Amino acid sequence: MAVMNLSTQNTAPAAVSVTGLAKAFGGTVVLDGIGLAVPAGSVFALLGPNGAGKTTTVRILSTLIRADRGTARIAGYDLSAEPDQIRAVIGVTGQFSAVDNLLTGEENLILMADLHHLGQAEGRRRAAELLDRFGLAGAARKMAATYSGGMRRRLDLAMTLIGEPRVIFLDEPTTGLDPRGRRDMWQIIRDLVAGGVTIFLTTQYLDEADHLADRIAVLDHGQLVAQGTPAELKRLIPGGHVSLRFADAAGLDAAVRILGGGARDDEALTLRVPGDGSVAALRTLLNQLAASPAELAEVSVHTPDLDDVFLTLTGQPQPGPEQEIVR
Amino acid sequence: MSAPGYAVRDSATMLRRNLRHIQRYPSMAASTVLFPVIFLLLFGYVFGGTLGAGLGGGRAGYITYLVPGILVLTVASGSISTAVSVNMDLTEGIVARFRTMAIARVSLLTGHVLGSLIQTMAGVVLVTGVGLAMGFRSSAGLAGWLGAAGLLLLLTVALTWLSVALGIVADRPETASNLPMPLMLLPLIGSGFVPTASMPPGLRQFAEYQPFTPVTQTVRGLLTGTPIGSNWIIAIGWCVGIGVAGYLWAKAAFNRDSQP
């Protein structure tokens, strides 16, 4: 299998370690032997498009369904032999909200506290604390059915946290949230990690993995096509470039003469030249062009990001504007 | 705490959750008693005079004949709301969450069963009250009432486990509400509303041997003094059989059904 395992040196003990995990539904192979390790106290992002097998991985690791093959250990417990011990130390927040709509926010949390066999006083204390921490104190007595998407997601996560899990699985925690809800969720995740828990999250957003994760694994069609830190993954792909668009063909011709090369596109009237996007390099480039008759319409600087990683690894582009336009 | 201790504690937690659901969504509970009460009014006041004349005893006598059948119908009617609420609950993401937690698995189901039991028995009490207001007269002492209540409770446990299983296997709430429908019809095609002796051959044999008839006959005997014979033991046998089969089916279906 062509897995590019970029770094295997882990000092912390693994909170999640997986070997050869495979799962098929009917005749369709969803996971085709994946292996990964997540050091305790870190954030691990499983990145991939819809249908790559992310949710199936989370459902297997969170004991919801059994794998066909492979082994996994979570917090030191064996997945197939000790599911109950694993359930006692994990928390799961799925892609679809797992709150009780007919209960209030507070009742949802107390339900979880009761199921964790916390005492009544302790359950109420933690519920109140979490409602406060997640900005839900004002809506504590309202039915969850009346909550907005972001509030529901926060309540969902609060319910996961009430049992103080050591390993938290977050399946697409920000899918469907507005930009603000997304930023709030990111901050919550960072705070959690600061508190020492291990986070295993799935996402189809490259910037999310880039912002949050210590390590990223790219999943495509049930196989891991790369694993490493965000920086390591970015190193896989060619460097950045500057894209110059000209007002007319004459301008493009002039620029090619002055700069002595680059990838030209006569239809779009653009020229791509290698560059790291630094201000100094950009200034030099623009000064060279300023002396010429070439009329520049637009300059865009493209720094390598995970989009490029994904494109390079899977041959599939991912949506999401990652270019900074300088006019 | 021991594992069985946790199972009891988790079931109690789930029961609290279900009681709160009933409180927040009372229309489901109301529909459970609505149908039996309508039948009681319809058969008591609209058809009761004629039916009572036919049976000998007039309208008042017919209402006394009818009420035990209506009580059995109330229990059967409760199974629809059980199946629907179990089915709707299982489609909620929260059940997937429960499955990832270290809780007694069966507690989710026992919570539903206990909640339905309370709801259905409350319905039975309410319908009995309506019956008494309409002129139902019982010859039973405390022992007779307790015996009838005990058998209705046993029937409720049995039908509730069966409808929990139906709620799990149904693919959507509409199916869950249709599957227990035959349970609602059986008290009518039995001794619930008219004596089976008045039915044509074939139907009559079916009516006499289906499970609701011995239950109805026993409840009627305990409350109004009609002969019970061996009906009570047959009734208990049916209830235990249906209950155990329903429990095993529900448990197996719940463990198999791991796709949230």
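The centres of domain 1 and domain 2 of chain A, taken over C-alpha atoms, are separated by 42 Å. Domain 1 of chain A covers 4–99 + 147–235, and domain 2 covers 241–303; these bounds come from an automatic or database domain assignment.

The structure is a predicted model, in which local features need pLDDT of at least 70 and side-chain atom pairs count only at pLDDT 80 or more, while totals for chains, interfaces and linings use all residues. Residues are numbered from 1 along each chain as its sequence is written, and chains are lettered from A in the order in which they are written.

Between the chains, 22 residues of chain A are in contact with 19 residues of chain B, contact being C-beta atoms, placed from the backbone, within 7 Å. The elements of chain A listed below each supply at least two residues of the side that touches chain B. They are DSSP runs numbered from the N terminus: helices (H or I) of at least four residues and strands (E) of at least two.

| Element of chain A | Residues |
|---|---|
| Helix 2 | 83–89 |
| Strand 7 | 90–93 |
| Helix 3 | 105–115 |

Helix 3 of chain A gives the most to this side, with 4 residues.

Chain B has 11 helices and 0 strands. The radius of gyration of chain B is 19 Å, close to the 18 Å that the globule rule gives for 260 residues, so chain B is as compact as a globular protein of that length. This radius is taken over C-alpha atoms, and the rule is 2.2 Å times the number of residues to the power 0.38. The C-alpha atoms of chain B fill a box of roughly 60 × 35 × 35 Å, taken along the principal axes.

Conventions:
Contact = placed C-beta atoms within 7 Å.
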